[in-house]
Amino acid sequence: MIQFRAVTKKYKNDNYALRNVNLDIMSGEFVFIVGASGAGKSTLMKLLYNEERPSSGTVTIGGINVANLPSDKVPNLRRCMGIVFQDYKLLQNKSVYDNVAYVIRTLGISSKEINARVSGALKIVGLFDKKNALPSELSGGEQQRVGIARAIVNGPPLLIADEPTGNLDPKNSMEIMQILDQINQRGITVIVSTHDNAMVDYFRKRVITLDKGEVVRDIQAGTYE
Ligand SMILES: Nc1ncnc2c1ncn2[C@@H]1O[C@H](COP(=O)(O)OP(=O)(O)O)[C@@H](O)[C@H]1O
Ligand SMILES: [Mg+2]
């Protein structure tokens, strides 16, 4: 589903964020991307959702090279993936329901269909009962569950989560990872960056380790170190 071929990313200040990265991620996989702060995890994910482009090399998703995707095709690409952020990025003045419904309201589908999809996504993350709450009335773990519901509401084949538990305590982190695991079991490809070694060791998924922008380790059913 995803291929990185000789991908190098150099930012304007000559920082190499990624160096000659080669990767294949198959449809349906669950992958942890690990490594120290500054190792290139977020950059790798930004190349996937086209927030950044490689300096050289190709990034292919479902056969499409997104490294040189015309900008008018980017919204289409993003509709095929859900993105979850460390800081949730919720709209503070909108309810849980409206946060999840926000993007699909622009797709021209009926309000009945919107309601069915939003309710379904909220049930998957266990937050249907709080659909009328505002983000400020929720715990951090609950806010991240809204972030996940928003990411999956459109039924994407791919879910990308960049340090989704970075602001959470161990108990909430475990709940979030379990939800991501359940989503993967529904057949969605899940890519999670983290430096939570306890979580990585618990779940025993494929682990790709970055160090100074290079893939230094890539193992199945792995641990953090
Ligand atoms: N927009 C940017 N401009 C310049 N350098 C950047 C930018 N974003 C990230 N970097 C640098 O690229 C490297 C990798 O960063 P990043 O991908 O954010 O790593 P991680 O997510 O693993 O912490 C770091 O050295 C970082 O300082
Ligand atoms: Mg990062």
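Student: In this model, how many of the residues of strand 7 are buried?

Tutor: The model is predicted. Buried here means under 20% relative accessible area. L158, I160 and D162 point one way from strand 7, L159 and A161 point the other way, and all are buried. Strand 7 is therefore largely enclosed by the rest of the structure, the count of buried residues being five of the five.

Student: Which residue of strand 7 is the bridge partner of F85?

Tutor: Strand 6 (81–85) is joined to strand 7 by five bridges, and the two run parallel. Within strand 7, F85 has as its bridge partner D162.

Student: Which residue in strand 8 is the bridge partner of A161?

Tutor: Strand 7 also pairs with strand 8 (residues 189–193), in the parallel sense and over five bridges. The partner of A161 in strand 8 is V192.

Student: Is G166 buried, partly exposed or exposed?

Tutor: G166 sits in the loop between strand 7 (158–162) and helix 6 (170–185). The cut-offs are under 20% for buried and over 50% for exposed. With a relative accessible area of 40%, G166 is therefore partly exposed.

Student: What distance separates the C-alpha atoms of G166 and D87?

Tutor: Along the chain, G166 and D87 are 79 residues apart.

Student: What is the order of the four strands in the open sheet?

Tutor: The pairing in this sheet is antiparallel. Strand 1 (residues 2–10) is joined to strand 2 by six bridges, and K9 has L18 as its bridge partner in strand 2. The edge strands, each pairing on one side only, are strand 2 (16–25) and strand 5 (64–65). The order is 2-1-4-5.

Student: About what angle does the direction of helix 1 make with that of strand 1?

Tutor: Helix 1 (residues 41–48) packs on the sheet and touches strand 1, strand 2 and strand 4 (56–61). The angle between its direction and that of strand 1 is about 120 degrees.

Student: How many of the eight residues of helix 1 are buried?

Tutor: The buried residues are K41, T43, L44, M45, L47 and L48. Helix 1 is therefore largely enclosed by the rest of the structure, and the buried count out of eight is six.

Student: Which residues form a nonpolar patch on the surface?

Tutor: One member lies in the loop between strand 6 and helix 3 (96–101); this is L91, which is partly exposed at a relative accessible area of 32%. The patch has about 270 Å² of accessible area together, and its members are L91, Y102 and V103.

Student: How many residues apart in sequence are the parts tied together by R206 and E29?

Tutor: R206 forms a salt bridge with E29, with the closest N and O atoms 2.9 Å apart. R206 lies in strand 9 (residues 206–211) and E29 in the loop between strand 2 and strand 3 (30–34), so the parts they tie together are apart in sequence by 177 residues.

Student: Is D14 buried or exposed?

Tutor: The side chains of D14 and K10 meet in a salt bridge of 3.5 Å, N to O. K10 counts as partly exposed, at 35% relative accessibility. Exposed means over 50%, and D14, at 51% relative accessibility, therefore counts as exposed.

Note on methods. Residues are numbered from 1 along each chain as its sequence is written. Chains are lettered from A and ligands numbered from 1 in the order in which they are written. This is a predicted model: local features need pLDDT of at least 70, side-chain atom pairs count only at pLDDT 80 or more; totals for chains, interfaces and linings use all residues. Side-chain values use heavy atoms; hydrogens and water are left out. Two strands pair if DSSP finds at least two bridges between them. Contact means heavy atoms within 4.5 Å. Axes are lines fitted to C-alpha atoms, for helices over the stretch in contact, and angles run from 0 to 180 degrees between N-to-C directions. Buried means under 20% relative accessible area, exposed over 50%, partly exposed in between (1.4 Å probe, protein chains only). Patches are made of residues with over 30% relative accessible area and no salt bridge: like charges are joined within 9 Å, nonpolar side chains (Val, Leu, Ile, Met, Phe, Trp, Tyr) within 5 Å. Accessible areas come from the Shrake-Rupley method with a 1.4 Å probe; for residues, only the protein chains shown count as cover. A salt bridge is a side-chain nitrogen of Lys or Arg within 4 Å of a carboxyl oxygen of Asp or Glu.
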